[in-house]
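Here is a short tour of one protein model. Keep the structure open beside the text and follow each stop in turn.

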Amino acid sequence: MSSTVSDTKPQKPWAIIEPNLKYYKSNLAVLEPEVVKALNDAPEEPIPTEDDVQVRGVNNPLCVVILGFGTSRVLDEILKMNKTISHIVVIEPNLNRFHATLKRHFCAHILDNKKIDFLLGVPDSEIQHHIYQAFTRFDPKDGSRAQTCLKPEIVPDPFVYSAKGVMGEVATKALTEKVLAASTSVFQSMGCASDTFNRWIQTQKNFETLQEAYSIDKAYNKFSDMPHIVVGAGPSMEEFIKVCKEKDLTKKACIIACDASLRRLLKEGIRPHFVTRCERKLTAIFDGVKKEDTNDIYYVSYPWCDVEFTKLFKNNIMVYRANGICNWSGYKHAELNGGVSSANAGLQLAYELGAKEIIITGIDLCFIDNASHVPGTKVEFDIEKSRPLWKEIKTNEDKIATQIPVWKRCHGEYENSILKYKRNRKLNVYNTSLKGAVIAGTTVKSWDDLSDSFKKDAFPIARLKKHIYKFNKKEKVAFEKRKKDAIEYLGQILKDLKEVFAGLDDCLNNNLREEVKCMNQLKSQYEPKEYFRILGDVTKSLKEIYSSPAKIIDGFKGKHYNNALFTQLISDTLQLDIFKAENKVRSMKNVMPDEHERMKQYIFLHAQVFRLIEYYARETKALLEGQEMILSWEKESDNSGTMSKPSGKFNCS
């Protein structure tokens with residue numbers, strides 16, 4: 001992902017411009033009242049600028065991010081470009097500097113432009129979260145902005161963010177990295193098609209569990225009168241174990257433990273109230289745990305978690321994300337939209353239960369004394385695999401520690417969720433990992449400092465039992481009907497696609513022949529005037545011939561893309577592929593001047609996506625029908641003896 005630079009050709013030294021009262025009044029008139037109020041507490045901090053600003057190297061400004069706001073000239077130059085721009089995000093962390101710019105530059109047309117968002121006065125520790133929010137905002141007219149932010153053009157204001165600017169080169173690089181990280185996070189959150197379809201495969205094994213598991217939505221916001229402890233499996237969990245045994249915290253707080261911590265906690269005689277799991281794989285993470293060990297421990301999992309783990313717990317709670325397979329099922333299990341890791345999901349659960357005070361422990365997000373996890377826990381990923389991508393970060397002790405990519409992604413989700421919920425409610429999140437990574441939105445405290453939080457008894461399980469419930473048999477009947485309808489609809493998609501591909505084959509073959517004919521026609525012309533006349537006619541005719549296959553594409557999209565079943569069964573799986581294709585379609589005007597070439601690209605891009613739709617429609621239909629889909633390694637293992645399942649010693653009887 002490349003970034004662009006803003007070049008200037010100074011005719012004279014940069015200088016601080018005198019304030020202009022007319023500009024200032026005009027600018028304030030279009031600002032929201034809360035922004036004007038904030039400016040009253042932000043004394044202006046002018047910087048040297050000049051009027052001659054030239055923006056270069058911007059090729060495809062579908063989404064533009066401008067770093068700094070020392071002048072209106074950078075934005076003016078961007079808006080003058082003969083390019084398609086979906087939205088612009090201006091980042092100015094210094095409210096004093098923004099105030100000074102309002103007094104010296106006419107910005108009313110910029111401040112009032114609906115395509116332009118300003119991130120003003122946001123602390124450095126929170127800026128990536130706010131950029132992410134700007135990138136994922138949904139517009140009722142234009143849809144999700146995520147379709148345009150795949151490769152944002154980054155344009156630094158040269159007077160603020162550049163080698164010569166007031167912030168300097170280091171700050172410019174750091175802010176640029178945050179923008180790119182936010183863009184990457186948007187598309188990472190979508191997941192690839194194969195990974196999403198694997199959720200369908202695993203969930204199919206859990207169809208009975210959807211009916212039999214508890215739902216917890218009626219318990220949401222019923223636990224606000226007690227502290228919540230979210231337990232990760234990092235090295236700092238040792239401190240929690242010690243304090244929990246000394247003060248009997250299981251009777252003083254609601255304890256939500258990630259899956260990796262359970263074995264060690266049980267060994268220490270600590271019984272968490274909830275255990276969360278997100279990962280779909282069957283691993284040895286619960287090795288040694290027996291069903292009799294799980295009395296009054298509630299297993300909170302998603303539909304795609306392996307059914308063997310569900311059997312290990314006496315009390316199962318099903319939770320959903322707002323994605324295709326969960327919405328399609330028709331069951332109204334509680335939503336829990338968090339979970340890069342199980343500890344991320346645990347923190348999300350604490351929010352949903354209504355927690356006003358959350359203590360996180362074992363969530364270190366870096367190596368502590370060369371340890372990644374506390375002894376007695378199980379890591380489900382290969383730490384060494386990503387060694388070239390390890391990075392140095394600052395810790396709560398203001399020291400340097402090493403962070404690996406998977407922790408970085410979890411780190412971002414913790415910060416996004418904490419900052420989101422702190423905006424909506426009075427919430428304190430305390431981080432007891434004194435040697436761990438700095439997590440924006442948390443307050444670092446030792447366990448001794450938190451003693452006042454555990455002065456009265458809490459009874460989370462008794463409270464929980466009053467609110468959880470199971471679905472009646474009517475839900476199962478409705479689910480079976482929904483499955484039948486889905487199979488019929490997927491059959492219709494396959495039938496329609498067969499017609500689409502037949503139509504495209506016919507049109508495109510004819511069109512290619514027409515292009516060759518036109519080329520030969522042009523070759524016969526030697527008179528310039530006649531050549532260019534015919535060229536115009538040829539260009540017009542090519543646009544017309546490619547409109548026919550484009551209509552075939554539009555016809556399929558019009559029939560299916562807005563259908564709720566299509567969204568749930570297909571486009572959720574292919575979300576990333578569809579968004580990438582739409583991103584390219586939207587940007588074609590910026591990179592392809594000829595309309596018939598844009599039309600060709602439009603057709604070919606969608607033909608590729610339609611082939612993916614065909615594949616996943618066929619596979620999903622077979623899955624729901626219980627037919628053979630793809631090679632089953634479990635079946636191959638039984639036949640050949642060359643493969644074997646993990647030795648999960650669950651003792652589930």
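Start with strand β9. His-228 and Val-230 point one way from β9, Ile-229 and Val-231 point the other way, and all are buried. Bear in mind that this is a predicted model.

β9 has β15 as a parallel partner, with 4 bridges in the pairing. Here Ile-229 has Ile-359 of β15 as its bridge partner. β9 also runs parallel to β10, and 4 bridges join them.

## The whole sheet

Now widen the view. β9 belongs to an open sheet of 9 strands, ordered β14-β13-β12-β11-β10-β9-β15-β18-β19, with parallel pairing. Which strands stand at the edges? They are β14 (residues 334–335) and β19 (residues 443–444). Each has a single partner strand, so one side of each is left without a neighbour in the sheet.

Look at the β14 end. Strand β13, residues 315–320, pairs with β14 in the parallel sense over 2 bridges. Tyr-320 stands opposite Glu-335 in β14.

## Helices on the sheet

Helix α10 covers residues 237–247 and packs on the sheet. α10 touches β9 (228–231), β10 (254–258) and β15 (357–361). The direction of α10 makes about 135° with that of β9.

Helix α14, residues 342–352, packs on the sheet too. α14 touches β9, β10, β11 (274–277), β12 (298–301), β14 and β15. Its direction makes about 130° with that of β11.

The largest nonpolar core has 118 residues. Which of them touch the most other members? They are Ile-216, Phe-274, Phe-286, Ile-358, Ile-493 and Ile-613. Helix α21, residues 595–625, gives the most to this core, with 12 residues.

Take Ile-613 as a close-up. Leaving aside residues up to four places away in sequence, Ile-613 touches Ile-493, Leu-497, Phe-556, Tyr-561, Phe-566, Ile-570 and Leu-574. There is also a second, separate core of 53 residues. Phe-118, Tyr-132, Phe-159 and Phe-579 are among its members.

## Helix α8 against α21

Two packed helices are described by the angle between their axes and the distance between the axes. The axes of α8 (residues 193–205) and α21 come within 10 Å and cross at roughly 10°. That makes α8 roughly parallel to α21, because angles under 35 degrees count as roughly parallel.

From α8, the contact uses Ala-193, Ser-194, Phe-197, Trp-200, Ile-201 and Gln-204. From α21, it uses Tyr-616, Glu-619, Thr-620, Leu-623 and Leu-624. By class, the contact has 7 nonpolar, 3 polar and 1 charged residues.

## Two residues with positive phi

Finish in the loop between β15 and β16 (391–394), where Leu-365 lies. Phi of Leu-365 is near 60°, a positive value in a residue other than glycine. Asp-369 lies in the loop between β15 and β16 as well. Phi of Asp-369 is near 50°, again positive in a residue other than glycine.

Is Leu-365 buried or exposed? Leu-365 is buried, because its relative accessible area is 8% and buried means under 20%. Asp-369, in turn, is exposed, because its relative accessible area is 63% and exposed means over 50%.

Notes. Residues are numbered from 1 along each chain as its sequence is written. This is a predicted model: local features need pLDDT of at least 70, side-chain atom pairs count only at pLDDT 80 or more; totals for chains, interfaces and linings use all residues. Side-chain values use heavy atoms; hydrogens and water are left out. Two strands pair if DSSP finds at least two bridges between them. Contact means heavy atoms within 4.5 Å. Axes are lines fitted to C-alpha atoms, for helices over the stretch in contact, and angles run from 0 to 180 degrees between N-to-C directions. A nonpolar core is a set of buried Ala, Val, Leu, Ile, Met, Phe, Trp, Tyr and Cys residues joined through side-chain atoms within 4.5 Å. Buried means under 20% relative accessible area, exposed over 50%, partly exposed in between (1.4 Å probe, protein chains only). Angles under 35 degrees count as roughly parallel, over 145 as roughly antiparallel, 65 to 115 as roughly perpendicular and the rest as oblique. Ala, Val, Leu, Ile, Met, Phe, Trp, Tyr, Cys and Pro count as nonpolar, Asp, Glu, Lys and Arg as charged, and the others, Gly among them, as polar.
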